[in-house]
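Dear colleague,

Please find the structure below, handed over for your study.

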Amino acid sequence: MFGNLTNAFERLLSIQDAVESARDANYFGLDTTGFGVTPPIDLFKKDDNLILVSELPGLAKEDLKIEIKDNLFRISGERKLSHDKETSVHRKERKDYNFDRTMKLPFKVDPDKVEAKLEDGVLTVELTRAETDKPRQVFVN
Amino acid sequence: MTAENKEMTVEGKKEIQSKKEQTIPCKVYSPLTDIMETQKELLILMDMPGVNKDQIKVKLEKNILEISGQINTAKYGDYKPIYTEYNLGNYTRSFELSNEIDQSTIEATIEDGVLKLILSKVPEKQPKLIKVG
């Protein structure tokens, strides 16, 4: 009987965890940033374009995924640290990361004109504003 | 069944509070470091994003190993910050090595912003298997 009880709680807890982590990662696009602050992101503006910079040391390109939709920017990835069994660890400050973060940009961007570079552990993404999003001046007759 | 009240902690870089003033106007951070030991060497891994191998300096003097890495701030010159969550800065950290380390054979490589230092132990200090006759 206890076995069954544990299973029921586990299911409920795991559903709750999944919803909470989706909310933390701001998957639903409500805020500029979700509560999870991994990885830390800096947003810059250059002329009329956005430059997004983030620090991801030790992350391989294959483990990084970037998705863009209108004005939402989603970045997810993971880094697992590993060491041999015979190694004894004296100090461990670096962490594994497993993140999934969605960020709301100030304007819509063109997903075909995005350039992303991962160099020396720094991700730099250049985003150009979507043509349809640029304000157009209206002339009054 | 109550949800845990998780306190929101921002994982930030540890800034070094130094009593000495710097000549360059730049923040200095202490890079996150892992120190591991195998039978024949000591392995040090440090997270230093934004630093490539031309900007790393590893200095060994007496028994102090000093590591410092510079980032390139020139590319941020004409960027206007809209929303920032972290600061940029150089990295530095020092360690005191014990006598077990062979100071003449230290290897250092940096890849993807992670510096890896391999410090071999002095041969006499490595564990020896003694055969029973």
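The notes below describe what was found.

This is a predicted model, in which local features need pLDDT of at least 70, side-chain atom pairs count only at pLDDT 80 or more, and totals for chains, interfaces and linings use all residues. Residues are numbered from 1 along each chain as its sequence is written, while chains are lettered from A and ligands numbered from 1 in the order in which they are written.

Chain A

Chain A contains 1 helix and 8 strands; here helices (H or I, at least four residues) and strands (E, at least two) are DSSP runs, numbered from the N terminus. Read from the N terminus, the order of these elements is α-β-β-β-β-β-β-β-β. Of the 141 residues in chain A, 22% are buried, a residue being buried if 20 or more other C-beta atoms, placed from the backbone, lie within 10 Å of its own.

The mean pLDDT of chain A is 80, and 79% of its residues score at least 70; pLDDT is the predictor's confidence in each residue, from 0 to 100. Among the elements of chain A, the lowest mean, 63, belongs to helix H1 (residues 2-24), and the highest, 93, to strand E8 (residues 122-127). In residues 30-35 of chain A the pLDDT is below 50, yet this stretch has 14 contacts in the model beyond near neighbours in sequence. Two residues are in contact if their C-beta atoms, placed from the backbone, lie within 7 Å.

Where the chains meet

How many residues of chain B are in contact with chain A? There are 30, and they touch 31 residues of chain A. Strands E3 (33-37), E4 (41-47) and E7 (80-84) of chain B each give two or more residues to this side. The side of chain B that touches chain A holds 15 nonpolar, 7 polar and 8 charged residues. Ala, Val, Leu, Ile, Met, Phe, Trp, Tyr, Cys and Pro count as nonpolar, Asp, Glu, Lys and Arg as charged, and the others, Gly among them, as polar.

Strand E1 (residues 41-46) of chain A runs antiparallel to E7(B), joined by 4 bridges; two strands pair if DSSP finds at least two bridges between them. A:Lys45 has B:Lys80 as its bridge partner in E7(B).

A sheet with strands from both chains

Yours sincerely

Technical notes
A residue is buried if 20 or more other C-beta atoms lie within 10 Å of its own, exposed if 12 or fewer, and partly exposed in between; C-beta atoms are placed from the backbone.
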